[in-house]
Amino acid sequence: MAGPAVASPTPADVAKGYATLVHANYSDALHGAQQLHRAIQTLVKHPSAGHLEAAKQAWLQAREVYGQTEAFRFYGGPIDGEGGPEGQINAWPMDESYVDYVKGNASSGFINNSTFNITRAALIENNERGGEENIATGWHAIEFLLWGQDLSVDGPGQRPHTDYVKGVGQNAERRGAYLLEVSQLLVDDLSALAAQWAPNSAGNYRAGFEQGGLESVRKMLVGLGSLSRGELAGERLEVALFSQDQEDEHSCFSDNTHRDAVANAQGILNVWTGQYRKVNGELLQVPSLQSLVAKKAPALASKTSQQMAASVKAAENIQAPFDREILGGADAPGPKRIRAVIDSLTKQSTLIVEAASALGIEQLTLAMP
């Protein structure tokens with residue numbers, strides 16, 4: 001565990017603390033993905049309703065941790081810089097028929113195409129090939145292969161475990177091979193990200209980031225502001241609220257979208273306050289953006305902290321399933337709850353820009369919808 005947060009940190013202190021927090025979060029996400037892969041190995045080797053449920057629970061638990069890492073994006077770091085793996089880790093929304101059977105088409109997807117060779121290279125090559133919804137890898141491909149299409153009005157997908165039973169499920173062996181390959185790829189991608197943020201590793205991304213001073217602080221703020229407004233409030237909530245279409249929700253197969261929103265909002269608060277609750281229960285505390293801004297503009301720092309906490313609370317108020325929550329007019333309870341999250345996130349993105357200005361950072365270009 002890092003030492004207590006510095007009361008009046010320098011930009012260098014904050015950059016180093018952030019690197020420690022990022023590494024801890026990615027390490028936890030990697031551990032969750034490893035547990036998920038082991039659960040999938042058991043499911044494929046011994047298909048049963050219980051083993052399928054265990055794999056689903058492993059996915060949900062790992063997803064809670066990974067969702068907080070989304071605050072480390074949008075500034076060209078290891079996750080989504082040139083050649084970064086973000087697209088094969090978390091791309092969405094997904095055209096399910098690209099991978100496996102769907103209602104009305106029992107032979108769709110790579111799994112049911114015997115001429116398609118299920119290898120890592122082939123999955124990577126075909127991820128988002130020919131269209132952004134042609135997703136072959138990552139969290140949501142795994143999610144679909146565990147839950148199946150969500151055809152239920154008030155619950156998640158109901159894929160039967162027999163889809164993995166040889167001689168019962170159509171192309172069961174190919175489906176199992178695909179699931180094993182794509183879950184191992186997720187483990188390896190997260191392992192590579194954790195390595196880029198590992199301490200005392202000459203030549204990795206962290207080594208340069210820790211020396212970046214105010215420029216590294218700028219990157220941190222770009223990540224928080226972009227996730228707040230452009231990605232979470234915009235792409236993940238506003239788009240779905242406007243379309244009222246299940247296909248626009250983030251984790252549509254598992255009905256876990258409401259928790260995605262909470263984890264993303266929590267990740268922003270983690271970075272701002274320099275605190276991260278590790279999976280083992282330990283509270284990591286590092287020099288924070290909050291303290292850095294408070295030296296220049298204490299009222300603004302306090303207001304930003306309050307707004308970010310309000311965003312987490314508002315996200316926790318979203319009711320599952322999300323595809324029912326988005327339905328109705330502007331005055332319906334579900335849309336009002338989602339709009340409250342969007343409004344809070346929008347306010348905090350403005351405060352993040354103001355915080356950057358207080359630190360002398362005038363050019364804060366955020367990713368917008």
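Helix 5 and helix 6 cross with a left-handed sense, meaning that the near helix is turned anticlockwise from the far one by less than a right angle. The model is predicted, with local features needing pLDDT of at least 70, side-chain atom pairs counting only at pLDDT 80 or more, and totals for chains, interfaces and linings using all residues. Residues are numbered from 1 along each chain as its sequence is written, and side-chain values use heavy atoms, with hydrogens and water left out.

**Helix 5 and helix 6**

- Helix 5 makes the contact (heavy atoms within 4.5 Å) through Trp139, Ala141, Ile142, Leu145 and Leu146.
- On helix 6 the contact residues are Arg175, Tyr178, Leu179, Val182, Ser183, Leu186 and Leu190.
- By class, this contact of helix 5 with helix 6 has 10 nonpolar, 1 polar and 1 charged residues (Ala, Val, Leu, Ile, Met, Phe, Trp, Tyr, Cys and Pro count as nonpolar, Asp, Glu, Lys and Arg as charged, the others as polar).

**Helix 8 and helix 9**

- The axes of helix 8 and helix 9 (residues 257–273) come within 10 Å and cross at roughly 165°.
- Helix 8 and helix 9 are therefore roughly antiparallel, and their crossing is left-handed.
- Met220, Leu221, Leu224, Leu227, Ser228, Leu232 and Arg236 of helix 8 meet Ala261, Asn264, Ala265, Ile268, Val271 and Trp272 of helix 9.
- The residues of this contact divide into 10 nonpolar, 2 polar and 1 charged.

**Pockets**

- The largest pocket holds about 340 Å³ of space; a pocket is an open set of points on a 1 Å grid where a 1.4 Å probe fits, with protein on both sides within 12 Å along at least five of seven lines, and lining residues have an atom within 4 Å of a point.
- Its lining includes Arg73, Trp92, Glu128, Glu132 and Arg236, and helix 3 (86–90) and helix 8 (214–243) are the elements giving two or more residues to it.
- The lining of the largest pocket has 3 nonpolar, 2 polar and 7 charged residues.
- The second largest pocket has a volume of about 170 Å³, with Tyr101, Phe144, Trp147 and Arg159 among its lining residues.
- The lining of the second largest pocket divides into 6 nonpolar, 4 polar and 2 charged residues.

Technical notes:
Helix = DSSP H or I, 4+ residues; strand = E, 2+ residues; numbered from the N terminus. Points joined across faces, edges and corners; volume = space filled by probe spheres on them. Axes fitted to C-alpha atoms, helices over the stretch in contact; angles between N-to-C directions. Parallel < 35°, antiparallel > 145°, perpendicular 65-115°, else oblique.
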